[in-house]
Amino acid sequence: QYNGIKDLSLTINNSYTTGLVEGPWGIGGLLGFANENNTTINITNAYSVANVNGLQGGSGGFIGRLNHNGDKSNMTVTVSRAFYKGTVSRTQDWDCSGTILGQSAGTNNITYNNVYYDSDLKGNAVPQGPGYTTEQFADGTVTKELNDAADLANDSQKWIQGSEYPR
């Protein structure tokens, strides 16, 4: 949770999560809750295969909740070359959940560039970005999409195909 820090710049690059992420609110596979004005968040070359279970207040495959303790929120969020392959669940019918971002309060600039999710596993989350089947994650389709979306002059940026999903 990043809370109470103004003009924050956060970069998550070449990262991944697995397992189960569970909690009461602002639950995300990579970042739970960001809560301040003028915050910039960049997530690049990342993935989450963690199942996310939020009890209330925003659950997302990557980010749980963007919020501000007032009526103004001005965050810039960019997610690029990333995927979510897990299940997002929530216990409250009124709760917000998404395959990438669970909830965004205020005026936030959110951009997804080449971000995918497993459409067979999304749970009760709102789809965000193109969905691919579990089979397409395993057969290299998503790996090709991720690599086609980048300038691969640097081989360290190249995704490789694992047995079930890109890595």
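Which residues have the most contacts inside the largest nonpolar core? Let me start there. They are Ile41, Ile43, Phe62, Ile63, Leu66 and Val79, in a core of 24 residues. By nonpolar core I mean a set of buried Ala, Val, Leu, Ile, Met, Phe, Trp, Tyr and Cys residues joined through side-chain atoms within 4.5 Å. Buried is under 20% relative accessible area, exposed is over 50%, and partly exposed is in between, with a 1.4 Å probe and protein chains only.

Quick housekeeping. This is a predicted model, where local features need pLDDT of at least 70 and side-chain atom pairs count only at pLDDT 80 or more, while totals for chains, interfaces and linings use all residues. Residues are numbered from 1 along each chain as its sequence is written, and side-chain values use heavy atoms, with hydrogens and water left out.

Strand 2 (9-17), strand 5 (31-35), strand 6 (39-48), strand 9 (63-66), strand 10 and strand 14 each put in at least two residues, and strand 10 gives the largest share, five residues. Strands here are DSSP runs of E, at least two residues, and helices are runs of H or I, at least four, all numbered from the N terminus. Take Ile63: leaving out residues up to four places away in sequence, its contacts include Ile27, Leu31, Ile43, Val77 and Ile100, a contact being heavy atoms within 4.5 Å. There's another core apart from this one, of ten residues, among them Val49, Tyr132, Phe137 and Trp159.

Three strands form an open sheet in the order 4-8-12, with parallel pairing. Strand 4 (27-28) and strand 12 (97-98) are at the edges with a single partner strand each, so one side of each has no neighbour in the sheet. Pairing takes at least two DSSP bridges between the strands, and two bridges is what joins strand 4 to strand 8 (residues 59-60). Gly28 has Gly60 as its bridge partner in strand 8.

Now the charges. How many salt bridges does the structure hold? Two, counting a side-chain nitrogen of Lys or Arg within 4 Å of a carboxyl oxygen of Asp or Glu. One is Lys85 with Asp118, at 2.7 Å, N to O. That pair links distant parts of the chain, 33 residues apart: Lys85 is in the loop between strand 10 (75-84) and strand 11 (88-90), and Asp118 is in strand 14 (residues 109-118). Lys85 counts as buried because its relative accessibility is 8%, and Asp118 is buried too, at 1%. Asp118 also has a side-chain polar contact of 2.9 Å with Thr134; that term means N or O atoms within 3.5 Å, and within protein one must be able to donate a hydrogen and the other to accept it, with sequence-adjacent residues counting only if both atoms are side-chain atoms.

The other salt bridge is Asp148 with Lys144, closest N and O atoms 2.6 Å apart. Both sit in helix 2 (residues 141-148), four residues apart, about one turn, and both are exposed.

So which residues of helix 2 are buried? Val142, Thr143, Leu146 and Asn147.
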